[in-house]
Amino acid sequence: MRVNLVNPNTTLSMTEKIAAAARAVAAPGTEIRAVSPAMGPVSIEGRYDEAFCVPGLLGAIAIGHPLGMSGARLVLTAARELARAPVVGIAEAAMHLATLVAGSFTIVTTLSRAVPTIEQLTRKYGFVRHCRKVRAAEFPVLALEEPGSGARDLLRAEIARAIAEDRCEAVILGCAGMADLARDLAAEFGLPVIDGVAAATKLVEAVVGLGLRTSKIGALAPPLPKPYTGLFARFAPR
């Protein structure tokens, strides 16, 4: 089985980190292929960044799909129209798994500006009644790539507050850049700490193992062929 892992930002050190997290949990025989878009923001910390990550991200999934990837994992449902292989987003995967091991969860992310977007995802995916709170540890995404930034200490402090104040039974890490911290944090705090990268990797393996593919009837049918103009011409569906 081959899994095409697409980091929606262009920071290669983060791509390598999430690839390592995926390989750490992948079953024997699963090949992880991790890529970054050829263009886009170095980190995604708001809706503006998210909008500009889309072309590069969809370009990366379009390249991976013809190579015969068995699974794809990224954050945009638009990719499900493009790919026949299963597409699993890290936030959705983490929330699903959290409800299997705990009665409630709190999500701890990086900056406060990300909180409304994540709250919207809990509503979209149907997990509002399970989510106690979405919290921010107040550091930029790329601080996780900088030794000595203090980001890990801020994250630990926010998790401690979540446990004490929210009375949550599990914690979801709200940024892929935290993927390498989940095991140590779970051991430190004594409750499930769920990284979406690992969660999505295992869900992709399960879906592929069941022989399921993305439905191409209705909402997830392939994009209709049409010309695109200007800078987007090369992304036109064919």
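Here are some questions and answers on how the labels used for this predicted model come about.

The model is predicted, so local features need pLDDT of at least 70 and side-chain atom pairs count only at pLDDT 80 or more, while totals for chains, interfaces and linings use all residues. Residues are numbered from 1 along each chain as its sequence is written, and side-chain values use heavy atoms, with hydrogens and water left out.

Q: What makes the chain as compact as a globular protein of its length?
A: Let's begin with what the chain holds: 8 helices and 7 strands, taken as DSSP runs (helices H or I, at least four residues; strands E, at least two) and numbered from the N terminus. Its radius of gyration is 18 Å, close to the 18 Å that the globule rule gives for 238 residues, so the chain is as compact as a globular protein of that length. The radius is taken over C-alpha atoms, and the rule is 2.2 Å times the number of residues to the power 0.38.

Q: Why is Arg 213 called exposed?
A: Exposed means over 50% relative accessible area, buried under 20%, and partly exposed in between (1.4 Å probe, protein chains only). Arg 213 has a relative accessible area of 60%, so it is exposed. You will find Arg 213 in the segment after helix H8 (196–209).

Q: What makes Arg 123 count as exposed?
A: Its relative accessibility is 53%, so Arg 123 counts as exposed. This arginine, Arg 123, is found in helix H5 (residues 115–125).

Q: How do you know that the span of H1 agrees with its number of residues?
A: The expected span is 1.5 Å times one less than the number of residues. For the 14 residues of H1 that should be 20 Å, and the end C-alpha atoms are 21 Å apart, which agrees. Among the buried residues of H1 are Met 14, Ile 18 and Ala 22.

Q: Why are S1 and S2 said to pair?
A: Two strands pair if DSSP finds at least two bridges between them. Strand S1 (residues 2–6) and strand S2 (residues 31–35) have 5 bridges, in the parallel sense. Within this pair, Asn 4 stands opposite Arg 33 in S2.

Q: What makes the β-α-β unit of S1, H1 and S2 right-handed?
A: A crossover is right-handed if, with the strands pointing away from the viewer, the path from the first strand over the helix to the second runs clockwise. S1, helix H1 (residues 12–25) and S2 make a right-handed unit of this kind.

Q: Why is S1 called mostly covered?
A: Of its 5 residues, 4 are buried.
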